[in-house]
Amino acid sequence: MSIGAAVVSLPCNLLAAILPTRGSIMLDVIFLATFAIVVVMAISIYLVRFRRKYKLHARIQVALCVVLLIAITAFEIDLRFFTDWRSLAQPSPYYESGWVDRCLFVHLCFAVPTPLLWITTIVLALRRFGWEAVPGRHSANHRILGRVAASAMIMTTFTGWAFYYLAFAAT
């Protein structure tokens, strides 16, 4: 028996999630992780903007990017092979009306480009600033890219929470 088959054959209550909703463990982990990522991202932006802690900001952003990529990879593996999110969402009063799918579409409009924006921002920063992360000619461009990437992350989070509520929490 494969690991996937073993996980799928577990009783549903063993796969019950962290939060008191219909979401799976992985859906709940992502829901909670996005909150942590946004908080840590805000702290990192505060540190660079008001405390001039450039090196610390760079390290936090790279760590967040790595954590986000691992979380996204685990999330996608879970949804593709283990969790039938639609069966978990069907009891929602918003499922049959199509609001769950509409909300998912809006969420994906932010969620798909966000990692690409964040990776681009970080790679360009590392190339142009290095690990010393001192201000330079790239600072103005980095500020713009950073604002766009941070805004996309915030919108990904909010639209993800809206989707989570409509699909897995609404009764």
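The model is predicted, so local features need pLDDT of at least 70 and side-chain atom pairs count only at pLDDT 80 or more, whereas totals for chains, interfaces and linings use all residues. Residues are numbered from 1 along each chain as its sequence is written, and side-chain values use heavy atoms, with hydrogens and water left out.

**Salt bridges**

A search of the whole structure returns 2 salt bridges, each defined as a side-chain nitrogen of Lys or Arg within 4 Å of a carboxyl oxygen of Asp or Glu.

Select E76 and R80 to begin; their closest N and O atoms are 3.0 Å apart. Both residues belong to helix α3 (residues 54-81) and are 4 residues apart, about one turn of the helix. Helices here are DSSP runs (H or I, at least four residues), numbered from the N terminus. E76 is partly exposed at 31% relative accessible area, while R80, at 64%, is exposed. For these terms, buried means under 20% relative accessible area, exposed over 50%, and partly exposed in between (1.4 Å probe, protein chains only).

Next, select R86 and D101, whose salt bridge has its closest N and O atoms 2.9 Å apart. R86 lies in α4 (residues 85-89) and D101 in α5 (residues 99-111), so the pair ties together parts that are 15 residues apart in sequence. R86 is partly exposed at 31%, and D101 is partly exposed at 33%.

**Nonpolar cores**

Now display L27, W85, A89, V100, F163, A167 and F168, which touch the most other members of the largest nonpolar core, a set of 17 residues. Such a core consists of buried Ala, Val, Leu, Ile, Met, Phe, Trp, Tyr and Cys residues joined through side-chain atoms within 4.5 Å. Two or more residues each come from α2 (25-50), α3, α4, α5 and α7 (139-169), and α7 supplies the largest share, 5 residues.

Centre the view on L27: beyond residues up to four places away in sequence, L27 touches F75, L79, L88, Y164 and F168, contact meaning heavy atoms within 4.5 Å. A second, separate core has 12 residues, among them I37, I60, C65 and M153.

**Helix α5**

Finally, select α5 and look down its axis. V100, C103, L104 and H107 are buried in this helix.
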